[in-house]
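Here are my notes on this model. Please read them with the structure open.

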Amino acid sequence: TEIESFLDSLLTQQEELLYLLVQDLKGEILYKAIRRGMELEQNQFSKILMSTKNSRPLRVEVASLGVPSLTYLDVIEPILLNGQPELIVHLGVDRNVLENRFSGLRSNLLQRLLIGSAVVVGFLSLALLYVLWLLRRAQLVEAEAQTADRLAYLGTLAGGLAHEIRNPLNAINLNLQMIEEDLPGNGSDATELAVLLKGTKQEIK
């Protein structure tokens, strides 16, 4: 049947399964599939079957008859119909295979976690460097703005100072022109004074 084919393929694909066993509630075996090399284990089925006379926990540790160093688990799972158990499935599970598989999964998961952590740390480091660069850039821009403000203030101060100096110089220049106009036209003194006035006006300019 399709169910038996499925169970056979399940036993073939899952290496941790040693056998599959289906029983009814009376303790009679309806179906069994045993991995090659583990045929001797069926001699223990009568001890692990569940019935009204033989109640047992859901998981039982069994010593292998075929492989003396092997102990495996017989795990039962009831099949319910309308909320009531109708059949019981037994799974013979090799703990060593399961532990090796879980160990490999654990190592793989740990490796992925380490890689993921390294990537996250790398991104955080880059983000930190970028933030530090932005802070440094902001400090430089602020320093440049303060320097520009100082230079603008100095320019304003220099312009006001030049204006304050230019006003009395203009007045002096005007007075020199008036004195030059009042000078007599002849005489060595007048010539010498005219030269002196001319030199002073050039200095003022």
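1. Elements. Helices and strands here are DSSP runs, numbered from the N terminus; a helix has at least four residues and a strand at least two. On that basis, Arg56 sits in the loop that runs between H2 and strand E3 (59-63). The model is a predicted one.

2. Is Arg56 buried or exposed? Its relative accessibility is 12%, so Arg56 counts as buried. Setting aside neighbours within four places in sequence, Arg56 is in contact with Ile48, Met50, Asp74, Ile76 and His90.

3. Arg56, polar partners. Two of the contacts deserve a look. The side chains of Arg56 and Asp74 make a polar contact at 2.5 Å. A polar atom of the Arg56 side chain also lies 2.9 Å from the backbone oxygen of Ile48.

4. Main core. The largest nonpolar core has 10 residues: Leu18, Tyr19, Leu21, Met38, Phe45, Ile48, Leu49, Val62, Leu70 and Tyr72. Strand E1 (17-24) and helix H2 (45-48) are the elements that give two or more residues to this core. E1 gives the most, with three. Another core, of nine residues, lies apart from this one; among its members are Leu11, Leu17, Val22 and Val89. In soluble globular proteins, nonpolar side chains tend to be buried together.

5. Leu21. Which residues does Leu21 contact, leaving aside neighbours within four places in sequence? They are Ile29, Tyr31, Lys32, Phe45, Leu49, Ile88, Val89 and His90.

6. Lys32. This residue belongs to strand E2. Lys32 is partly exposed, because its relative accessibility is 43%. Not counting residues up to four places away in sequence, Lys32 touches Leu20, Leu21, Gln42 and Phe45. With Gln42 there is a side-chain to side-chain polar contact of 2.8 Å.

7. How much space lies in the largest pocket? About 170 Å³. The pocket is lined by 10 residues, and those closest to its centre are Ile3, Leu7, Val22, Tyr31 and Leu87. Helix H1 (2-13), strand E2 (29-34) and E5 each supply at least two lining residues. H1 has the largest share, three residues.

8. Asn82. Check the backbone here. Asn82 has a phi near 55 degrees, a positive value in a residue other than glycine. Asn82 lies in the loop between strand E4 (71-81) and strand E5 (84-94). Its relative accessible area is 75%, so Asn82 is exposed.

9. Helix H3. This helix covers residues 95-182, 88 residues in all. From first C-alpha to last, H3 reaches 129 Å, close to the 130 Å expected at 1.5 Å a residue. Asp94 caps the N-terminal end of H3: a side-chain oxygen of Asp94 lies 3.0 Å from the backbone nitrogen of Asn96. Buried residues in H3 are Val97, Asn173 and Leu176.

10. Lys32 and Ala194 are 139 Å apart by the C-alpha to C-alpha distance, and 162 residues apart in sequence.

Definitions and conventions
Residues numbered from 1 in each chain as written. Predicted model: local features only at pLDDT ≥ 70, side-chain atom pairs only at ≥ 80, totals over all residues. Heavy atoms only, no water. Core = buried A, V, L, I, M, F, W, Y, C linked by side-chain atoms within 4.5 Å. Buried < 20%, exposed > 50% of the residue type's maximum accessible area, 1.4 Å probe, protein only. Contact = heavy atoms within 4.5 Å. Expected span 1.5 Å × (residues − 1). Polar contact = N/O pair within 3.5 Å; in protein donor to acceptor, adjacent residues only side chain to side chain. 1 Å grid on protein atoms, 1.4 Å probe; cavity = no way out; pocket = protein on both sides within 12 Å on 5 of 7 lines; lining within 4 Å. Points joined across faces, edges and corners; volume = space filled by probe spheres on them.
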